[in-house]
Amino acid sequence: MVLTMVFLYLPIFLLVFLSFNNNKVATVWTGFSTHWFGVVFDNPNILRAARNSLLVACTATVLSTVFATMAALAMAGRAFRFQNVVNGLLGLPLLVPEIVTAVASLLFFLALGFELGLHTVMIAHVVFCIPFAYLPIRARLADMDPRLVEAASDLYASPWQAFRRVTLPLLAPGIFSGAMLAFIVSLDDFVITFFVAGPGATTLPVYIFGMVRTGITPEVNALASLLLMASMVFVGLSWWLGQRNRA
């Protein structure tokens, strides 16, 4: 187990360490410096890719969380025919290899005559992120006491009032947790974005891939470290909210 953890995390620690390297040669340490982080923030192409990533991630987060919340409420409501099948389909994207989803999305857009661009990336990310947002919301709903909604109905609350004043506040931690998980999945995605992005729709992971093809530099390490730190923050917040839900 120790060897496995070292194999998984030592390269990540090495990447972050070398991002502070003063040398232009990424693998040769000559001294500590934050110069390459300044280079990253002064690069207009990187900033443009970052804006695209944030735009796609925010759009995918909002829409996928809304759809996931609606799906979770429907699955937690009155039982209906083929409910287990629908539940399985909601979680199926987590099991299907991402390359398959990427190729299928590309063929789907081409069949409909869509011009590839930032809008196709958003659509693909919304669909891909729904299961990630759905699972925390569904888990939160499963832990909720249904008698609370029944009590609201006994006090003459309409279904909308019961949802707005009882269900939604109790469901909020699960919604926020699912939203943050969807955001980081969208922000870090490379495979689907690489297939369905068109000209001018380059995101940070795709841009990093293009930089790596010309050689590893401290600038690449610095950019990857920033993306890693952003991922860790959002994953940590999602985990914290999940733990808070169980408390």
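Reader: Is Cys58 buried, partly exposed or exposed, and what is its relative accessible area?

Author: In this predicted model, Cys58 is partly exposed, with a relative accessible area of 40%.

Reader: How many disulfides does the structure hold?

Author: A disulfide is a covalent bond between the sulfur atoms of two cysteines. The structure holds zero of them. For Cys58, the nearest cysteine sulfur belongs to Cys129 and is 12 Å away. Because a disulfide needs the two sulfur atoms within 2.5 Å, Cys58 is in no disulfide. Cys129 is likewise in none, its nearest cysteine sulfur being that of Cys58.

Reader: Is Cys129 buried or exposed?

Author: Cys129 is buried, at a relative accessible area of 0%.

Reader: Where does Ser53 lie, and which residues is Ser53 in contact with beyond its neighbours within four places in sequence?

Author: Ser53 belongs to helix 3, which spans residues 44-76. Ser53 is buried, with a relative accessible area of 3%. Leaving aside those sequence neighbours, its contacts are Leu187, Thr203, Leu204 and Pro205.

Reader: How much space lies in the largest pocket, and which residues lie nearest its centre?

Author: Rolling a probe the size of a water molecule over the atoms shows where empty space is left. Here the largest pocket holds about 270 Å³. Twelve residues line this pocket, and those nearest its centre are Ala76, Leu141, Pro146, Val149 and Thr167.

Reader: Which helix supplies the largest share of that lining, and what classes of residue make up the lining?

Author: Helix 8 gives the largest share, four residues. Helix 3, helix 7 (146-154) and helix 8 (159-188) each contribute at least two. By class, the lining has nine nonpolar, two polar and one charged residues.

Notes
Residues numbered from 1 in each chain as written. Predicted model: local features only at pLDDT ≥ 70, side-chain atom pairs only at ≥ 80, totals over all residues. Heavy atoms only, no water. Buried < 20%, exposed > 50% of the residue type's maximum accessible area, 1.4 Å probe, protein only. Contact = heavy atoms within 4.5 Å. 1 Å grid on protein atoms, 1.4 Å probe; cavity = no way out; pocket = protein on both sides within 12 Å on 5 of 7 lines; lining within 4 Å. Points joined across faces, edges and corners; volume = space filled by probe spheres on them. Nonpolar A, V, L, I, M, F, W, Y, C, P; charged D, E, K, R; others polar.
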